[in-house]
Amino acid sequence: MSDAAYEGATLEDVPAPEEWREVPPGGEEYDDSPEQPFQDVAASPLSTFASDVDTASYSNLRRQLRDGLSPQGVRIEELVNYFDYDYPAPAPGADDPFTVTTQVADAPWASDHRLAMIGVQATDATPTRAGNNIVFLLDVSGSMSAPDKLPLLAESFSLLVERLGEDDTVSIVTYAGSDEVLADSVPGDRHDELVGILRELRAGGSTAGAAGLQTAYELATENFVEGGNNRVVLATDGDFNVGPYGPDELTELIEQHARTGVYISVLGFGMGNLKDSTMEAIADHGNGNYAYIDTLDEARKVLVDEFDSTMFVVAQDLKLQVEFNPATVARYRLLGYDNRRLADEDFADDTKDAGDVGAGHSVTAFYELVPADGEVGSDDLTYQDVEAGDSDDFLSVRVRYKQPGASESTEVVYPAGADAYTRTPSADFRFASAVAEFGLAVTRSQHAEGADPRRARERAESALGEDRYGLRAEFVSLVDAYERVAG
């Protein structure tokens, strides 16, 4: 694709249905975690998962549809969490750096089921005024030569540079056949110098990712800002050669530095050899986030508009555990978060890593519920009291998190009572549930065969709200593109 063609590409330009094609075998790699089936409340009353603020799956899906590719790697929670919702923010001085909102309504794809929406909204107050110590770790191997890779990467990081000031420092490490330090602790207000380095980047050579990562961490450690934001930002098409490191050694390297306060964010670029599963794992182990940059507008969203939420953590290792009331819920299932599920005992285990939430981030999760209708489960259970009681709560949400840098977690509990149910759900509920339904349809969920992209589109279009940046309207176009390609 030429530069001009890439810049002008829109969702209206997708190929005709007969041109739908698969990615070449072995070209791109995605996590294949199975979706969660329905769980019996009497036998399994708890559902536990780690928070997720990654958004890569949405922009990657957008890219795939624009290029006429059969969608792969669709993670429903990342589609939903791509968008902002009007959840109430914590009051200044609140004990916890987030609020939890719940709402229950009828499930659009199953009229006899309910849909519970749980929203966690982080404070937008950044936890520090100390500077940013950022190391750009940039893939300049031969595979990065395409217009939607290195050229887009350079322009994207130029946007980030313009966001920095004199209290910030920037280092730049590139890697191909070997790694090279192009800048070491350059003051962030030297924009012209930094942008000049970025625009001189050229692609060529093999991929020595692990060596570059080691060098980037060394620079981040040497320039560590006590109380500041110390972060490696890795940008690659994902063809990450670990070199002399084994996968376990690489994971230990990333986790070791995360424990010292040097986190990592991962930005994916391009198509054809995107190693989505590897990039997501790097971000997860490094207390960071993972986004996919398919356009300069997406780079502006992630690196400029959402700079604070990308860079500044306000709640570490945030886990949710939902307890369902057998008097009102017979069965349930979590939509998405398929590779974020945790064992119930991991909830109180402070050594168990989970997702980190940045300033202003929100985390949204949906549960599909089968009402109890007076049934309380089997009396044959040996170890569990199956008496439902007379509570009319749907569920209780327990949240555990750590203050940044802390080793012990705090737990808070938020019940969702009968008043959480409504026949007139909010615009946010309607839009987010439309995104979830679309995700179920695209992934061909065997547990939601009634999911319908057309119905999702209509519901989303009726719930656009203010839509300041036009992202919700773009989602409607995304559904249109999917229907044109999928027929």
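This is a predicted model: local features need pLDDT of at least 70, side-chain atom pairs count only at pLDDT 80 or more; totals for chains, interfaces and linings use all residues.
The contact between the two helices is made, on the H12 side, by Pro453, Arg454, Arg457, Ala460 and Glu461, and on the H13 side by Phe475, Val476, Val479, Asp480, Tyr482 and Glu483.

How are two packed helices described? One gives the angle between their axes and the distance between those axes. For H12, which covers residues 453–461, and H13, which covers residues 471–486, the angle is about 160 degrees and the axes are 9 Å apart. Because an angle over 145 degrees counts as roughly antiparallel, H12 is described as roughly antiparallel to H13.

Let me turn now to the aromatic rings, of which the structure holds 18 pairs. In one of them, Phe307 and Phe312, the ring centres are 6.3 Å apart and the planes stand at 70 degrees, so this pair is edge-to-face. Phe307 is buried, with a relative accessible area of 3%, and Phe312 is buried too, with a relative accessible area of 8%.

Another edge-to-face pair is formed by Phe431 and Phe475, with 5.6 Å from centre to centre and 70 degrees between the planes. Here the pair links distant parts of the chain, since Phe431 sits in helix H11, residues 427–442, while Phe475 sits in helix H13, and the two are 44 residues apart. Both Phe431 and Phe475 are buried. You will remember Phe475 from the contact of H13 with H12, and it also belongs, together with Phe431, to a cluster linked by ring pairs, whose other members are Tyr58, Tyr82, Phe83, Phe438 and Tyr482.

Ser185 has a phi near 50 degrees, which is a positive value in a residue other than glycine, and Ser185 lies in strand S7, residues 179–187. Asn287, which is not a glycine either, has a positive phi of about 55 degrees, and its place is in the loop between helix H8 (276–285) and strand S10 (290–293).

Is each of these residues buried or partly exposed? Ser185 is partly exposed, with a relative accessible area of 29%, whereas Asn287, at 10% relative accessibility, counts as buried, because the cut-off for being buried is under 20%.

Definitions and conventions: Residues are numbered from 1 along each chain as its sequence is written. Side-chain values use heavy atoms; hydrogens and water are left out. Axes are lines fitted to C-alpha atoms, for helices over the stretch in contact, and angles run from 0 to 180 degrees between N-to-C directions. Helices (H or I, at least four residues) and strands (E, at least two) are DSSP runs, numbered from the N terminus. Angles under 35 degrees count as roughly parallel, over 145 as roughly antiparallel, 65 to 115 as roughly perpendicular and the rest as oblique. Contact means heavy atoms within 4.5 Å. Rings of Phe, Tyr and Trp (its six-membered ring) pair if their centres lie within 6.5 Å; planes under 30 degrees apart count as stacked, over 60 as edge-to-face and the rest as tilted. Buried means under 20% relative accessible area, exposed over 50%, partly exposed in between (1.4 Å probe, protein chains only).
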